[in-house]
Amino acid sequence: MLDQVTKVHDETRQGEAYGPEATETQTYTKKFYIESYGCQMNFNDSEIVASILKEDGFGPTRNVEDASLILLNTCSIREKAEVTVRKRLTEFRKLKQRNPELLVGVLGCMAERLKSKLIEEEKLVDMVVGPDAYRTLPALIEEAETGQKTVNVLLSREETYGDINPVRLDTNGVTAFVSIMRGCNNMCSFCVVPFTRGRERSRDMDSIIKEATDMFNRGYREVTLLGQNVDSYYWVSEDITVTFANLLEKVAQISPLLRVRFSTSHPKDITDEVLFVIAKYENICNYIHLPVQSGSTRILQLMNRTYTREWYMKKIERIREILPDCALSTDVITGFCTETEEDHQETLSMMDYVKYDLAYMFFYSERPGTLAARRYQDDIPEDVKRRRLAEVVELHRGHSLLSMQKDVGKTFKVLIEGTSKRSEDHLFGRTDHNKVVIFPKEDHKKGEYVWVKVEDCTAGTLLGTSTGKA
Ligand code: SAH
Ligand code: SF4
Ligand code: F3S
(Lines give C-alpha, C1' and ligand atoms only; values in the text may rest on other atoms or scores of the structure.)
(Ligands and ions follow the chains in the order given, each with its own letter.)
Protein backbone atom coordinates (compact mmCIF):
# COMPACT_ATOMS: atom_id res chain seq x y z
CA MET A 1 0.00 0.00 0.00
CA LEU A 2 0.90 3.60 -0.37
CA ASP A 3 2.67 4.46 2.85
CA GLN A 4 5.70 5.89 1.14
CA VAL A 5 7.03 6.70 -2.26
CA THR A 6 10.68 6.23 -2.91
CA LYS A 7 12.81 6.13 -5.98
CA VAL A 8 16.39 5.29 -5.22
CA HIS A 9 16.06 6.04 -1.55
CA ASP A 10 16.84 4.03 1.44
CA GLU A 11 13.80 2.79 3.28
CA THR A 12 12.67 0.34 0.64
CA ARG A 13 16.11 -0.80 -0.33
CA GLN A 14 16.79 -4.41 0.46
CA GLY A 15 20.18 -5.52 -0.63
CA GLU A 16 22.01 -8.77 -0.52
CA ALA A 17 24.03 -8.74 -3.69
CA TYR A 18 27.79 -8.62 -3.55
CA GLY A 19 30.26 -7.03 -5.85
CA PRO A 20 33.70 -8.25 -6.91
CA GLU A 21 35.43 -6.89 -3.80
CA ALA A 22 33.33 -9.02 -1.54
CA THR A 23 33.55 -12.20 -3.57
CA GLU A 24 37.22 -11.98 -4.41
CA THR A 25 39.50 -14.99 -4.83
CA GLN A 26 40.02 -15.75 -1.15
CA THR A 27 38.14 -18.82 0.02
CA TYR A 28 36.47 -18.96 3.37
CA THR A 29 35.42 -21.95 5.41
CA LYS A 30 32.57 -20.06 7.01
CA LYS A 31 30.06 -17.97 5.11
CA PHE A 32 27.72 -15.21 6.17
CA TYR A 33 24.67 -13.83 4.43
CA ILE A 34 23.57 -10.26 5.17
CA GLU A 35 20.43 -8.38 4.24
CA SER A 36 20.17 -4.67 4.86
CA TYR A 37 17.19 -2.39 5.39
CA GLY A 38 16.77 1.32 6.03
CA CYS A 39 18.97 4.28 5.21
CA GLN A 40 22.24 4.46 3.32
CA MET A 41 24.08 4.67 6.61
CA ASN A 42 22.73 1.30 7.57
CA PHE A 43 23.85 -0.14 4.22
CA ASN A 44 27.26 1.34 4.86
CA ASP A 45 27.28 -0.29 8.31
CA SER A 46 26.75 -3.67 6.64
CA GLU A 47 29.98 -3.02 4.73
CA ILE A 48 31.75 -2.36 8.03
CA VAL A 49 30.27 -5.57 9.44
CA ALA A 50 31.49 -7.45 6.34
CA SER A 51 34.97 -6.10 6.98
CA ILE A 52 34.95 -7.16 10.65
CA LEU A 53 33.67 -10.63 9.72
CA LYS A 54 36.25 -11.02 6.98
CA GLU A 55 38.99 -10.54 9.59
CA ASP A 56 37.27 -13.27 11.56
CA GLY A 57 37.42 -15.75 8.64
CA PHE A 58 33.87 -15.29 7.36
CA GLY A 59 33.29 -14.75 3.65
CA PRO A 60 30.09 -13.26 2.22
CA THR A 61 27.61 -15.29 0.20
CA ARG A 62 24.58 -14.27 -1.82
CA ASN A 63 23.01 -17.63 -1.23
CA VAL A 64 21.29 -17.89 2.10
CA GLU A 65 21.41 -21.72 1.90
CA ASP A 66 25.24 -21.62 1.93
CA ALA A 67 25.49 -19.48 5.04
CA SER A 68 26.31 -20.60 8.56
CA LEU A 69 25.48 -17.09 9.76
CA ILE A 70 22.50 -15.02 8.66
CA LEU A 71 22.43 -11.35 9.58
CA LEU A 72 19.59 -8.88 9.17
CA ASN A 73 20.68 -5.27 9.47
CA THR A 74 17.39 -3.67 10.41
CA CYS A 75 15.54 -0.35 10.41
CA SER A 76 12.96 1.01 12.87
CA ILE A 77 12.06 4.28 11.22
CA ARG A 78 8.43 3.31 10.56
CA GLU A 79 6.35 0.39 11.75
CA LYS A 80 6.29 -1.08 8.26
CA ALA A 81 10.08 -1.42 8.24
CA GLU A 82 9.90 -3.57 11.35
CA VAL A 83 7.01 -5.68 10.03
CA THR A 84 9.07 -6.52 6.93
CA VAL A 85 11.95 -7.77 9.07
CA ARG A 86 9.66 -9.88 11.26
CA LYS A 87 8.28 -11.54 8.12
CA ARG A 88 11.78 -12.24 6.91
CA LEU A 89 12.66 -13.84 10.23
CA THR A 90 9.76 -16.28 9.96
CA GLU A 91 11.05 -17.26 6.54
CA PHE A 92 14.40 -18.15 8.09
CA ARG A 93 12.75 -20.43 10.63
CA LYS A 94 12.58 -23.31 8.13
CA LEU A 95 16.29 -23.05 7.37
CA LYS A 96 17.08 -23.20 11.05
CA GLN A 97 14.92 -26.28 11.52
CA ARG A 98 16.90 -28.01 8.78
CA ASN A 99 20.22 -26.81 10.14
CA PRO A 100 20.25 -26.27 13.91
CA GLU A 101 23.88 -25.04 13.75
CA LEU A 102 22.79 -22.03 11.70
CA LEU A 103 23.13 -18.73 13.59
CA VAL A 104 20.72 -15.85 13.04
CA GLY A 105 21.63 -12.34 14.17
CA VAL A 106 19.64 -9.12 14.18
CA LEU A 107 21.75 -5.98 13.79
CA GLY A 108 20.95 -2.29 13.50
CA CYS A 109 18.15 -0.09 14.74
CA MET A 110 15.57 -2.77 15.58
CA ALA A 111 18.20 -4.57 17.64
CA GLU A 112 18.82 -1.36 19.53
CA ARG A 113 15.16 -0.55 20.01
CA LEU A 114 14.00 -3.98 21.17
CA LYS A 115 17.20 -5.30 22.78
CA SER A 116 16.80 -8.70 24.51
CA LYS A 117 13.03 -8.50 23.96
CA LEU A 118 13.78 -9.51 20.41
CA ILE A 119 15.21 -12.84 21.57
CA GLU A 120 12.13 -13.47 23.71
CA GLU A 121 9.79 -12.55 20.86
CA GLU A 122 11.65 -14.19 17.99
CA LYS A 123 12.84 -17.53 19.29
CA LEU A 124 15.10 -18.26 16.33
CA VAL A 125 17.25 -15.16 16.89
CA ASP A 126 20.62 -16.05 18.43
CA MET A 127 22.29 -12.65 18.49
CA VAL A 128 21.10 -9.09 18.93
CA VAL A 129 23.76 -6.52 18.14
CA GLY A 130 23.27 -2.75 18.21
CA PRO A 131 24.88 -0.29 15.76
CA ASP A 132 27.80 0.62 18.03
CA ALA A 133 28.70 -2.96 19.00
CA TYR A 134 29.85 -4.48 15.70
CA ARG A 135 33.46 -4.81 16.81
CA THR A 136 32.28 -7.38 19.36
CA LEU A 137 30.64 -9.55 16.66
CA PRO A 138 33.46 -12.16 16.54
CA ALA A 139 33.24 -12.70 20.31
CA LEU A 140 29.45 -12.79 20.21
CA ILE A 141 29.49 -15.32 17.38
CA GLU A 142 31.89 -17.53 19.30
CA GLU A 143 29.61 -17.42 22.31
CA ALA A 144 26.52 -18.06 20.20
CA GLU A 145 28.23 -21.10 18.67
CA THR A 146 28.16 -22.69 22.13
CA GLY A 147 24.38 -22.33 22.19
CA GLN A 148 24.23 -19.10 24.23
CA LYS A 149 21.91 -16.32 23.13
CA THR A 150 23.95 -13.12 23.00
CA VAL A 151 23.05 -9.44 23.18
CA ASN A 152 25.21 -6.32 22.91
CA VAL A 153 23.33 -3.11 22.42
CA LEU A 154 25.64 -0.71 24.21
CA LEU A 155 25.70 2.67 22.54
CA SER A 156 28.93 4.58 22.45
CA ARG A 157 29.88 8.26 22.51
CA GLU A 158 33.05 7.62 20.54
CA GLU A 159 32.62 4.72 18.12
CA THR A 160 32.84 5.82 14.47
CA TYR A 161 34.49 2.70 12.96
CA GLY A 162 36.86 5.28 11.47
CA ASP A 163 39.75 2.82 11.11
CA ILE A 164 37.71 0.09 9.44
CA ASN A 165 37.94 -0.14 5.69
CA PRO A 166 34.47 -1.23 4.54
CA VAL A 167 34.16 -4.22 2.22
CA ARG A 168 32.00 -2.85 -0.58
CA LEU A 169 28.90 -5.00 -0.98
CA ASP A 170 26.63 -4.62 -3.96
CA THR A 171 29.07 -2.23 -5.62
CA ASN A 172 29.20 -0.88 -9.15
CA GLY A 173 32.84 0.09 -8.64
CA VAL A 174 32.06 3.73 -9.47
CA THR A 175 29.96 5.21 -6.66
CA ALA A 176 30.23 4.58 -2.92
CA PHE A 177 29.11 5.91 0.43
CA VAL A 178 31.35 7.13 3.21
CA SER A 179 29.93 7.72 6.68
CA ILE A 180 31.33 10.87 8.26
CA MET A 181 29.41 10.79 11.50
CA ARG A 182 27.08 8.64 13.59
CA GLY A 183 24.06 9.24 15.77
CA CYS A 184 21.86 12.32 16.01
CA ASN A 185 21.31 14.96 18.71
CA ASN A 186 18.30 16.57 17.13
CA MET A 187 15.32 14.97 18.79
CA CYS A 188 12.72 15.57 16.11
CA SER A 189 9.68 14.42 18.05
CA PHE A 190 8.56 11.78 15.50
CA CYS A 191 11.94 10.17 15.09
CA VAL A 192 13.38 7.01 16.59
CA VAL A 193 16.94 7.55 15.29
CA PRO A 194 18.36 9.38 18.35
CA PHE A 195 17.29 6.36 20.42
CA THR A 196 18.59 3.69 18.10
CA ARG A 197 21.81 5.41 17.05
CA GLY A 198 22.71 7.38 20.14
CA ARG A 199 24.58 10.66 20.48
CA GLU A 200 26.05 12.41 17.51
CA ARG A 201 29.77 12.00 16.95
CA SER A 202 31.99 12.95 14.01
CA ARG A 203 34.57 10.75 12.42
CA ASP A 204 38.22 11.74 12.28
CA MET A 205 38.78 13.80 9.14
CA ASP A 206 42.01 12.08 8.16
CA SER A 207 40.33 8.67 8.07
CA ILE A 208 37.56 10.07 5.85
CA ILE A 209 40.05 11.61 3.42
CA LYS A 210 42.08 8.42 3.40
CA GLU A 211 39.06 6.25 2.65
CA ALA A 212 37.85 8.54 -0.14
CA THR A 213 41.36 8.79 -1.64
CA ASP A 214 41.80 5.00 -1.56
CA MET A 215 38.49 4.62 -3.30
CA PHE A 216 39.45 7.12 -5.96
CA ASN A 217 42.71 5.26 -6.53
CA ARG A 218 40.78 2.03 -6.97
CA GLY A 219 38.67 3.60 -9.73
CA TYR A 220 35.67 4.97 -7.83
CA ARG A 221 34.52 8.32 -9.19
CA GLU A 222 31.83 9.41 -6.76
CA VAL A 223 31.54 9.54 -2.96
CA THR A 224 28.48 10.41 -0.96
CA LEU A 225 29.28 11.70 2.51
CA LEU A 226 26.71 10.34 4.92
CA GLY A 227 25.30 11.45 8.24
CA GLN A 228 21.86 12.06 9.76
CA ASN A 229 22.80 15.71 9.91
CA VAL A 230 26.00 16.30 7.94
CA ASP A 231 26.06 20.05 8.52
CA SER A 232 26.82 19.58 12.18
CA TYR A 233 30.00 17.63 11.37
CA TYR A 234 32.68 18.96 13.69
CA TRP A 235 36.11 17.54 14.25
CA VAL A 236 38.75 19.03 16.48
CA SER A 237 42.30 17.76 16.66
CA GLU A 238 45.47 19.30 18.14
CA ASP A 239 45.59 22.43 16.05
CA ILE A 240 42.66 22.33 13.68
CA THR A 241 38.92 22.59 13.83
CA VAL A 242 37.07 21.08 10.90
CA THR A 243 33.51 22.05 9.98
CA PHE A 244 31.40 20.35 7.33
CA ALA A 245 32.29 23.09 4.84
CA ASN A 246 36.01 22.42 5.48
CA LEU A 247 35.55 18.67 5.12
CA LEU A 248 33.55 19.03 1.91
CA GLU A 249 36.30 21.20 0.44
CA LYS A 250 39.02 18.72 1.44
CA VAL A 251 37.15 15.82 -0.16
CA ALA A 252 36.54 17.86 -3.32
CA GLN A 253 40.27 18.57 -3.52
CA ILE A 254 41.16 14.85 -3.72
CA SER A 255 40.64 15.09 -7.49
CA PRO A 256 38.49 17.12 -9.87
CA LEU A 257 37.48 13.71 -11.28
CA LEU A 258 35.90 12.66 -7.99
CA ARG A 259 32.27 13.70 -7.68
CA VAL A 260 31.13 14.56 -4.19
CA ARG A 261 27.61 14.29 -2.82
CA PHE A 262 26.29 14.47 0.73
CA SER A 263 23.17 13.66 2.71
CA THR A 264 21.29 14.67 4.86
CA SER A 265 21.21 18.39 5.57
CA HIS A 266 19.02 19.73 8.35
CA PRO A 267 17.60 23.08 7.22
CA LYS A 268 18.60 24.69 10.51
CA ASP A 269 22.26 23.76 10.11
CA ILE A 270 23.22 24.20 6.47
CA THR A 271 25.41 27.32 6.30
CA ASP A 272 26.30 29.86 3.61
CA GLU A 273 29.85 28.59 3.95
CA VAL A 274 28.73 25.15 2.73
CA LEU A 275 26.81 26.73 -0.15
CA PHE A 276 29.88 28.75 -1.19
CA VAL A 277 32.05 25.61 -1.14
CA ILE A 278 29.52 23.86 -3.39
CA ALA A 279 29.62 26.86 -5.74
CA LYS A 280 33.42 26.91 -5.78
CA TYR A 281 34.01 23.28 -6.80
CA GLU A 282 32.65 21.94 -10.04
CA ASN A 283 32.92 18.37 -8.73
CA ILE A 284 30.62 18.98 -5.73
CA CYS A 285 27.18 18.16 -7.04
CA ASN A 286 24.50 20.83 -7.18
CA TYR A 287 22.01 18.80 -5.24
CA ILE A 288 20.75 19.32 -1.71
CA HIS A 289 18.44 17.05 0.23
CA LEU A 290 16.73 19.44 2.62
CA PRO A 291 13.83 17.66 4.33
CA VAL A 292 11.00 20.04 5.16
CA GLN A 293 8.69 17.43 6.84
CA SER A 294 5.75 19.86 6.96
CA GLY A 295 4.79 23.26 5.58
CA SER A 296 2.97 24.36 8.72
CA THR A 297 4.85 26.28 11.38
CA ARG A 298 2.60 24.90 14.10
CA ILE A 299 3.30 21.29 13.05
CA LEU A 300 7.01 22.01 12.62
CA GLN A 301 7.03 23.23 16.20
CA LEU A 302 5.33 20.06 17.44
CA MET A 303 7.85 18.09 15.40
CA ASN A 304 10.63 19.99 17.15
CA ARG A 305 12.25 20.88 13.82
CA THR A 306 13.30 24.31 15.21
CA TYR A 307 12.48 26.29 12.04
CA THR A 308 9.33 27.96 10.79
CA ARG A 309 7.73 27.83 7.37
CA GLU A 310 9.08 31.33 6.57
CA TRP A 311 12.56 30.47 7.78
CA TYR A 312 12.68 27.40 5.55
CA MET A 313 11.50 29.44 2.56
CA LYS A 314 14.26 31.98 3.20
CA LYS A 315 16.77 29.15 3.26
CA ILE A 316 15.53 28.01 -0.15
CA GLU A 317 15.87 31.57 -1.47
CA ARG A 318 19.41 31.74 -0.16
CA ILE A 319 20.31 28.43 -1.84
CA ARG A 320 18.90 29.71 -5.12
CA GLU A 321 20.83 32.95 -4.76
CA ILE A 322 24.18 31.26 -4.22
CA LEU A 323 23.51 28.15 -6.33
CA PRO A 324 21.05 29.12 -9.06
CA ASP A 325 21.28 25.68 -10.64
CA CYS A 326 20.84 23.51 -7.55
CA ALA A 327 18.46 20.54 -7.49
CA LEU A 328 16.45 20.16 -4.29
CA SER A 329 14.83 17.18 -2.68
CA THR A 330 12.82 16.72 0.49
CA ASP A 331 11.13 14.38 2.93
CA VAL A 332 7.50 14.97 3.89
CA ILE A 333 5.37 13.40 6.61
CA THR A 334 1.58 13.62 6.36
CA GLY A 335 -0.87 13.18 9.21
CA PHE A 336 1.39 14.06 12.11
CA CYS A 337 -0.40 14.48 15.46
CA THR A 338 -3.11 17.19 15.37
CA GLU A 339 -2.51 18.03 11.69
CA THR A 340 -5.54 19.91 10.34
CA GLU A 341 -6.62 20.31 6.72
CA GLU A 342 -5.16 23.81 6.86
CA ASP A 343 -1.79 22.50 8.02
CA HIS A 344 -1.92 19.96 5.21
CA GLN A 345 -2.72 22.73 2.67
CA GLU A 346 0.37 24.55 3.93
CA THR A 347 2.48 21.48 3.17
CA LEU A 348 1.01 21.41 -0.34
CA SER A 349 1.67 25.12 -0.85
CA MET A 350 5.24 24.70 0.42
CA MET A 351 5.77 21.99 -2.18
CA ASP A 352 4.33 24.27 -4.82
CA TYR A 353 6.68 27.02 -3.69
CA VAL A 354 9.85 24.92 -3.90
CA LYS A 355 8.87 22.49 -6.68
CA TYR A 356 11.23 19.80 -5.48
CA ASP A 357 13.04 17.70 -8.06
CA LEU A 358 12.68 14.64 -5.85
CA ALA A 359 10.66 13.88 -2.73
CA TYR A 360 10.35 11.01 -0.28
CA MET A 361 6.90 11.04 1.20
CA PHE A 362 5.51 9.11 4.13
CA PHE A 363 2.53 9.07 6.39
CA TYR A 364 3.20 9.40 10.08
CA SER A 365 3.93 6.19 11.92
CA GLU A 366 4.10 6.50 15.68
CA ARG A 367 7.30 5.07 17.12
CA PRO A 368 7.31 3.90 20.75
CA GLY A 369 9.51 5.93 23.06
CA THR A 370 9.76 9.02 20.86
CA LEU A 371 8.82 12.45 22.15
CA ALA A 372 5.68 12.50 20.02
CA ALA A 373 4.56 9.08 21.28
CA ARG A 374 4.96 10.24 24.85
CA ARG A 375 3.48 13.72 24.47
CA TYR A 376 0.91 13.72 21.72
CA GLN A 377 -1.93 11.57 20.59
CA ASP A 378 -1.60 9.88 17.20
CA ASP A 379 -5.03 11.28 16.41
CA ILE A 380 -5.23 11.42 12.61
CA PRO A 381 -7.13 8.40 11.26
CA GLU A 382 -5.13 6.26 8.87
CA ASP A 383 -7.43 6.89 5.94
CA VAL A 384 -6.91 10.64 6.35
CA LYS A 385 -3.13 10.20 6.60
CA ARG A 386 -3.20 8.15 3.41
CA ARG A 387 -5.47 10.55 1.55
CA ARG A 388 -3.20 13.47 2.44
CA LEU A 389 -0.17 11.45 1.40
CA ALA A 390 -1.82 10.66 -1.94
CA GLU A 391 -2.40 14.39 -2.47
CA VAL A 392 1.21 15.22 -1.66
CA VAL A 393 2.41 12.46 -3.97
CA GLU A 394 0.15 13.62 -6.78
CA LEU A 395 1.34 17.21 -6.49
CA HIS A 396 4.96 16.11 -6.44
CA ARG A 397 4.47 13.93 -9.50
CA GLY A 398 3.72 17.08 -11.50
CA HIS A 399 6.77 18.89 -10.12
CA SER A 400 9.12 16.03 -10.81
CA LEU A 401 7.83 15.68 -14.36
CA LEU A 402 8.36 19.41 -14.85
CA SER A 403 11.87 19.04 -13.50
CA MET A 404 12.60 16.24 -16.00
CA GLN A 405 11.02 18.07 -18.94
CA LYS A 406 13.03 21.21 -18.38
CA ASP A 407 16.21 19.17 -18.99
CA VAL A 408 15.14 18.09 -22.48
CA GLY A 409 17.30 19.84 -25.08
CA LYS A 410 20.13 20.51 -22.60
CA THR A 411 23.52 18.81 -22.42
CA PHE A 412 24.81 17.36 -19.14
CA LYS A 413 28.03 15.91 -17.84
CA VAL A 414 27.21 12.35 -16.88
CA LEU A 415 29.21 9.90 -14.79
CA ILE A 416 28.66 6.43 -16.24
CA GLU A 417 27.63 3.85 -13.64
CA GLY A 418 26.93 0.81 -15.80
CA THR A 419 24.91 -0.88 -18.51
CA SER A 420 21.22 -0.04 -18.71
CA LYS A 421 18.95 -2.74 -17.30
CA ARG A 422 16.76 -2.62 -20.36
CA SER A 423 19.36 -2.82 -23.08
CA GLU A 424 22.92 -4.11 -23.41
CA ASP A 425 23.54 -1.41 -26.01
CA HIS A 426 22.80 1.42 -23.62
CA LEU A 427 24.64 2.82 -20.64
CA PHE A 428 23.26 4.70 -17.68
CA GLY A 429 24.72 7.34 -15.43
CA ARG A 430 23.74 10.38 -13.43
CA THR A 431 23.82 14.11 -13.90
CA ASP A 432 25.10 16.51 -11.29
CA HIS A 433 21.42 16.82 -10.25
CA ASN A 434 21.31 13.09 -9.52
CA LYS A 435 18.99 12.31 -12.42
CA VAL A 436 19.43 9.02 -14.24
CA VAL A 437 20.31 9.34 -17.94
CA ILE A 438 20.24 6.51 -20.48
CA PHE A 439 22.12 6.78 -23.78
CA PRO A 440 23.63 4.55 -26.51
CA LYS A 441 26.86 2.86 -25.47
CA GLU A 442 29.12 3.65 -28.46
CA ASP A 443 32.68 3.26 -27.16
CA HIS A 444 32.03 4.60 -23.66
CA LYS A 445 32.77 2.76 -20.46
CA LYS A 446 31.71 2.62 -16.84
CA GLY A 447 33.53 5.17 -14.66
CA GLU A 448 34.00 7.71 -17.47
CA TYR A 449 32.48 11.17 -17.76
CA VAL A 450 30.61 11.96 -20.96
CA TRP A 451 28.52 14.82 -22.28
CA VAL A 452 24.99 13.71 -23.01
CA LYS A 453 22.42 15.71 -24.89
CA VAL A 454 18.97 14.96 -23.47
CA GLU A 455 16.34 14.37 -26.13
CA ASP A 456 13.45 12.92 -24.20
CA CYS A 457 12.34 11.88 -20.72
CA THR A 458 10.04 9.64 -18.77
CA ALA A 459 8.81 10.38 -15.23
CA GLY A 460 12.05 9.07 -13.73
CA THR A 461 14.67 8.94 -16.49
CA LEU A 462 16.31 11.20 -19.05
CA LEU A 463 17.06 9.76 -22.49
CA GLY A 464 19.78 11.14 -24.71
CA THR A 465 22.84 10.73 -26.91
CA SER A 466 26.45 11.24 -26.01
CA THR A 467 28.21 14.14 -27.69
CA GLY A 468 31.69 13.14 -26.52
CA LYS A 469 33.94 12.49 -23.54
CA ALA A 470 33.90 15.11 -20.80
N1 SAH B 1 18.23 12.55 9.36
C2 SAH B 1 17.40 12.73 8.29
C3 SAH B 1 16.31 11.72 8.05
C4 SAH B 1 16.24 10.48 8.79
S5 SAH B 1 14.85 9.48 8.59
C6 SAH B 1 16.76 14.06 8.45
O7 SAH B 1 16.81 14.67 9.45
O8 SAH B 1 16.16 14.48 7.50
C9 SAH B 1 14.28 9.75 6.95
C10 SAH B 1 12.90 10.31 6.89
O11 SAH B 1 11.95 9.41 7.41
C12 SAH B 1 12.66 11.58 7.68
O13 SAH B 1 13.14 12.71 7.07
C14 SAH B 1 11.16 11.59 7.83
O15 SAH B 1 10.54 12.24 6.75
C16 SAH B 1 10.79 10.12 7.80
N17 SAH B 1 10.38 9.65 9.12
C18 SAH B 1 11.11 9.62 10.25
N19 SAH B 1 10.36 9.17 11.29
C20 SAH B 1 9.13 8.92 10.79
C21 SAH B 1 7.90 8.45 11.37
N22 SAH B 1 7.81 8.18 12.66
N23 SAH B 1 6.83 8.31 10.54
C24 SAH B 1 6.92 8.61 9.23
N25 SAH B 1 8.03 9.05 8.64
C26 SAH B 1 9.13 9.22 9.42
FE1 SF4 C 1 15.63 11.94 13.08
FE2 SF4 C 1 15.55 14.57 13.14
FE3 SF4 C 1 17.84 13.30 13.66
FE4 SF4 C 1 16.85 13.32 11.19
S5 SF4 C 1 17.56 15.10 12.34
S6 SF4 C 1 17.66 11.56 12.30
S7 SF4 C 1 14.66 13.24 11.52
S8 SF4 C 1 15.98 13.23 14.91
FE1 F3S D 1 16.28 3.17 9.81
FE2 F3S D 1 18.07 3.30 11.64
FE3 F3S D 1 18.55 4.37 9.31
S4 F3S D 1 15.92 3.55 11.95
S5 F3S D 1 16.52 4.97 8.61
S6 F3S D 1 18.25 2.23 9.72
S7 F3S D 1 19.26 5.12 11.27
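In this predicted model, helix H11 (residues 309-322) packs against helix H12 (residues 341-354) at an angle of about 10°, the axes lying 11 Å apart. Helices are DSSP runs (H or I, at least four residues) numbered from the N terminus; axes are lines fitted to C-alpha atoms over the stretch in contact, and angles run from 0 to 180 degrees between N-to-C directions. H11 and H12 are therefore roughly parallel to each other, a term for angles under 35 degrees. Contact, meaning heavy atoms within 4.5 Å, involves Arg309, Tyr312, Met313, Ile316, Glu317 and Arg320 of H11, together with Glu346, Ser349, Met350, Tyr353 and Val354 of H12.

Ligand 2 is surrounded by residues including Cys184, Cys188, Cys191, His266 and Arg305, where a surrounding residue has a heavy atom within 4 Å. Around ligand 3 there are 11 residues, the closest being Cys39, Cys75, Ser76, Cys109 and Gln228. Gln228 also belongs to the surroundings of ligand 2.

Ligand 2 sits in the largest cavity, and the space taken by ligand 3 is the largest cavity. A cavity is a set of points, on a 1 Å grid over the protein atoms alone, where a 1.4 Å probe fits but cannot get out; a molecule sits in one if more than half of its atoms lie within 2 Å of its grid points.

The table gives residue classes, with Ala, Val, Leu, Ile, Met, Phe, Trp, Tyr, Cys and Pro as nonpolar, Asp, Glu, Lys and Arg as charged, and the others, Gly among them, as polar.

| Ligand 2 shell | seven residues | three residues | one residue |

Residues are numbered from 1 along each chain as its sequence is written, while chains are lettered from A and ligands numbered from 1 in the order in which they are written. Local features need pLDDT of at least 70, side-chain atom pairs count only at pLDDT 80 or more, and totals for chains, interfaces and linings use all residues; side-chain values use heavy atoms, with hydrogens and water left out.

Terms used. On a 1 Å grid over the protein atoms alone, a cavity is a set of points where a 1.4 Å probe fits but cannot get out, and a pocket is an open set with protein on both sides within 12 Å along at least five of seven lines; lining residues have an atom within 4 Å of a point. Helices (H or I, at least four residues) and strands (E, at least two) are DSSP runs, numbered from the N terminus. Angles under 35 degrees count as roughly parallel, over 145 as roughly antiparallel, 65 to 115 as roughly perpendicular and the rest as oblique.
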